[in-house]
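Biologist: I am new to this structure. Can you show me how to read a strand and a cavity?

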Amino acid sequence: MPDIAAVKAALAGQRIETPSWGYGNSGTRFKVFAQSGVPRDPYEKLDDAAQVHAFTGVAPKVSLHIPWDGVDDYAALAAYAKDRGLELGAINSNTFQDDDYRLGSVCHPDPKVRRKAVDHLLECVDIMDTTGSTDLKLWFADGTNYPGQDDIVGRQERLAEALAEVYGRLGDDQRMLLEYKFFEPAFYTTDVPDWGTSYAHCLKLGPKAQVVVDTGHHAPGTNIEFIVAFLLREGKLGGFDFNSRFYADDDLMVGSADPFQLFRITHEVVKNGGLDPAANVAFMLDQCHNIEAKIPAVIRSVMNVQEATAKALLVDPDALAAAQHAGDVLAANAVLMDAYNTDVRPLLRELREEQGLGPEPVAAYAASGWQERIAAERVGGEQAGWGA
């Protein structure tokens, strides 16, 4: 059986990165529901992220999105984060909101538009240099809507050329994380539609390029844990954008629609060394909290990842290997199911108390008065939300 002390140590060492945009107003293409107390600038987003870390103890990093989190002085923003026990994590680029990108960004047929997009990516690397961030996270909305609209291979060549230029700009301790999405907003072809396309480009670029798995960016029935296991084996899993989906890219709270899938994914992470710091896998959230309160939703999401990870750590590797080698299908499956069906909440409550934290993070946050404070103080000005 797994050593409980070792399980606790692994859980205490886990780090889950939260997204700045998760604290702002967000919604669908139909409506954004504003909430009171939502941050008005990146500094207030960091204030809220500090609350999540204070009550969970495992969320010290915050992803930024440029230009949504644009400021005049990024060094000052990094110092502000440090003062609050945080550090700035991945820098996310945005090449999908300008009118120029109607036909794509780095894959656009017009070289002037491609130049604009690449210059933005290089600007993001400049920001990384200033903030100390090590990860440049790339997602492209590029694709086509109609057969014959553009040359499929030609677009791949433009993509490769852009990625190579940005890759060459990275520092020794920096890396490029390439995300994929099989559809939306392009509906006929998508230029980075799956893990294989991302993997092929990363493989050609070199060791500083790795794949990001967004758990919402897959067709129904896709075996995400296979993708995770394969990429870990190849040393090409750079990180996750954790969320949950029921229909498509819903960006719901991670583990909310299919907690068993999240467990299966974390099992492959644990089994294949993904929790080892040397693996450098970034466990990031990428969610839009449209109707639920922001900070409690982020806290609950962090807890969901912790619970899935705890169950994965409780899988008995010796019993599993013995059943697999014996060809005992039912016994092997039972090992996984025994771990999944374990109630790990008492274990996590005990761990938090040992760390000097409240055993129930959501309840502790509610009792802190922070929500009432920001609702009263953050009045006036424009709230910073999705696309702000």
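Biologist: In which sense do strand 3 and strand 4 pair, parallel or antiparallel?
Modeller: Keep in mind that this is a predicted model. Strand 3 covers residues 87-92, and it pairs with strand 4 in the parallel sense. Two bridges join them.

Biologist: Which residue in strand 4 stands opposite Asn-92?
Modeller: Lys-137 does.

Biologist: How many bridges join strand 4 to strand 6?
Modeller: Four. Strand 6 spans residues 175-178 and runs parallel to strand 4. Take Leu-136 as an example: its bridge partner in strand 6 is Met-176.

Biologist: How do I read the two faces of a strand?
Modeller: Start with the general idea. Side chains in a regular strand alternate between the two faces of the sheet. Now look at strand 4, residues 135-138. Asp-135 and Lys-137 lie on one side, and Leu-136 and Leu-138 lie on the other.

Biologist: Are those four residues of strand 4 buried or exposed?
Modeller: All are buried, so both faces of strand 4 are covered. Buried here means under 20% relative accessible area.

Biologist: Now the empty space. How is it found?
Modeller: A probe the size of a water molecule is rolled over the atoms, and this shows where empty space is left.

Biologist: Which residues lie nearest the centre of the largest cavity?
Modeller: Ser-36, Gly-37, Lys-294, Gln-371 and Ile-374, out of 13 lining residues. Helix 9 (294-313) and helix 14 (370-377) each give two or more residues to that lining. Helix 9 has the largest share, with three.

Biologist: What is the lining of the largest cavity like by class?
Modeller: Seven residues are nonpolar, four are polar and two are charged.

Biologist: Which helix gives the most to the lining of the second largest cavity?
Modeller: Helix 12, residues 345-354, with three residues. The lining includes Leu-348, Leu-351 and Arg-352. Leu-11, Thr-56, Val-58, Gln-306 and Gln-355 also line this cavity.

Biologist: And how does that lining divide by class?
Modeller: Into four nonpolar, three polar and one charged.

Methods
Residues are numbered from 1 along each chain as its sequence is written. This is a predicted model: local features need pLDDT of at least 70, side-chain atom pairs count only at pLDDT 80 or more; totals for chains, interfaces and linings use all residues. Side-chain values use heavy atoms; hydrogens and water are left out. Buried means under 20% relative accessible area, exposed over 50%, partly exposed in between (1.4 Å probe, protein chains only). Two strands pair if DSSP finds at least two bridges between them. On a 1 Å grid over the protein atoms alone, a cavity is a set of points where a 1.4 Å probe fits but cannot get out, and a pocket is an open set with protein on both sides within 12 Å along at least five of seven lines; lining residues have an atom within 4 Å of a point. Ala, Val, Leu, Ile, Met, Phe, Trp, Tyr, Cys and Pro count as nonpolar, Asp, Glu, Lys and Arg as charged, and the others, Gly among them, as polar.
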